[in-house]
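Please keep the structure in view while reading.

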Amino acid sequence: MLKIQKYAAIDIGSNAVRLLISNIIEQDNEPVIFKKNSLVRVPIRLGADVFINGDISEYNQLRMIDTMQAFSLLMKSHGVVRYKACATSAMREAKNSLPLAKKILDTCGINIDIIDGEEEAAIIAETDLHRFIDPNKTYLYVDVGGGSTEFSIINNGNKIKSKSFRIGTVRLLNDIVKNETWVELEQWIKENTKQYYKIELIGSGGNINKIFKISGKDIGKPLTYFYLTSYYKMLQNYSYEERITKLNLNQDRADVIIPATRIYLSAMKWSGAKDIYVPKIGLSDGIIKSIYHETVSSVMV
C-alpha cells in the first residue's frame, strides 16, 4: 500500500531563511523515499544584525514575521501534516530571540526551536549521506552557514565526531571571527583526520551548491582543490557589483561566496583532501528526516 505525506522543514539561518517541503513516500516492504517538493529561500540575513549589535533589528523582526506568515500559508496550501522550525547561530546569540519567537508563535502559529551548534551538526549528519558516499572511504563533512560551520568526520559510513565552530560567511564579511577560532578549527581538523590515510570532503550549503552548478560537473563528480582555488582567485578579481552583473550571482550570494569558499579551501588544506563532493543536502534535509524518525518512534512506543 502506497502512502504519501508532506513534511516541512524551516531553517532559520544567519544569512537566509528556508522552507523545504518534502514528500514522504512509504510503501509496504520498501525503504521510505524523501522527495523534495518545494524550496523557498528568503535572504533576511539576521546575522548582520546580531553579530554586530547583539539583537535583531525592528525591520528584520517584521520581515521574519511576514516570512513566517507566508511559510504558514504555503504549508497549509500544500497540505503539510508535520513541520519543524529550527533556528541556528543568529537566533542563538540574539538577545531578543525569545520574544521574537513568541511573537511568531502567537501571530503565525509557528513554533521555533532554537538549537545549539552540536545539535545542528547532529541533524546535518543525519541527512541521506549514505546515498552519496562510498562506505569504504573517510570524509570530512563541512556545512558552511552564515554564523557557524559544522564539521563531521565520517569513516566507513559512520559518523565518528562532529563539532560546530563560530566561523560563518556573515561573521567573516563583518570581520568578527577571532584568529584563535581559526587556530582551534585548524587543530581540530588536523587532530581528527591525521589517523586516516586519505580524506575527501563533502560540502553542503548554498555557496558550494552554486559553485558546483557553475562548474558544469556531472552529479556525483567532485570538484578538485585546484578548481576551487582557481575559482576563489577569480572571484577576488571582480568587485561586488561585477559579481552580480558579470558573474550573474544574486546580490545576497555575491558577497558571502568568497568567505564560504575560503572555509572550504581551509578545510581541504588542513585535512589534505584533494576533492570535494557536493550532494546538495543540508540542515533542511536533516530536519525532514528527524521529523520522520520522531514520528516512527512515537508510533512504535
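The points below are grouped by topic, and they concern a predicted model. The count of disulfides comes to 0, and a negative surface patch is formed by D113, D116, E118 and E119.

**Cysteines**
- A disulfide requires a pair of cysteine sulfur atoms within 2.5 Å, and by this rule the model has 0 disulfides.
- For C86, the closest cysteine sulfur is that of C108, and because the separation is 17 Å, the two are too far apart for a bond.
- Seen from C108, the closest cysteine sulfur belongs to C86, again at 17 Å and therefore too far for a bond.
- C86 counts as buried because its relative accessibility is 0%, and C108, with a relative accessible area of 8%, is buried as well.

**Negative surface patch**

- T107 belongs to helix α4, which covers residues 97-108, and T107 is partly exposed, having a relative accessible area of 44%.
- Although T107 and Q69 are separated by 38 residues in sequence, their C-alpha atoms are 7.7 Å apart in space.

Terms used:
Residues are numbered from 1 along each chain as its sequence is written. This is a predicted model: local features need pLDDT of at least 70, side-chain atom pairs count only at pLDDT 80 or more; totals for chains, interfaces and linings use all residues. Side-chain values use heavy atoms; hydrogens and water are left out. Buried means under 20% relative accessible area, exposed over 50%, partly exposed in between (1.4 Å probe, protein chains only). Patches are made of residues with over 30% relative accessible area and no salt bridge: like charges are joined within 9 Å, nonpolar side chains (Val, Leu, Ile, Met, Phe, Trp, Tyr) within 5 Å. Accessible areas come from the Shrake-Rupley method with a 1.4 Å probe; for residues, only the protein chains shown count as cover. A salt bridge is a side-chain nitrogen of Lys or Arg within 4 Å of a carboxyl oxygen of Asp or Glu. Lys and Arg count as positive and Asp and Glu as negative; His and the chain ends are not counted. The place of a charge is taken as NZ of Lys, CZ of Arg, CG of Asp or CD of Glu. Helices (H or I, at least four residues) and strands (E, at least two) are DSSP runs, numbered from the N terminus.
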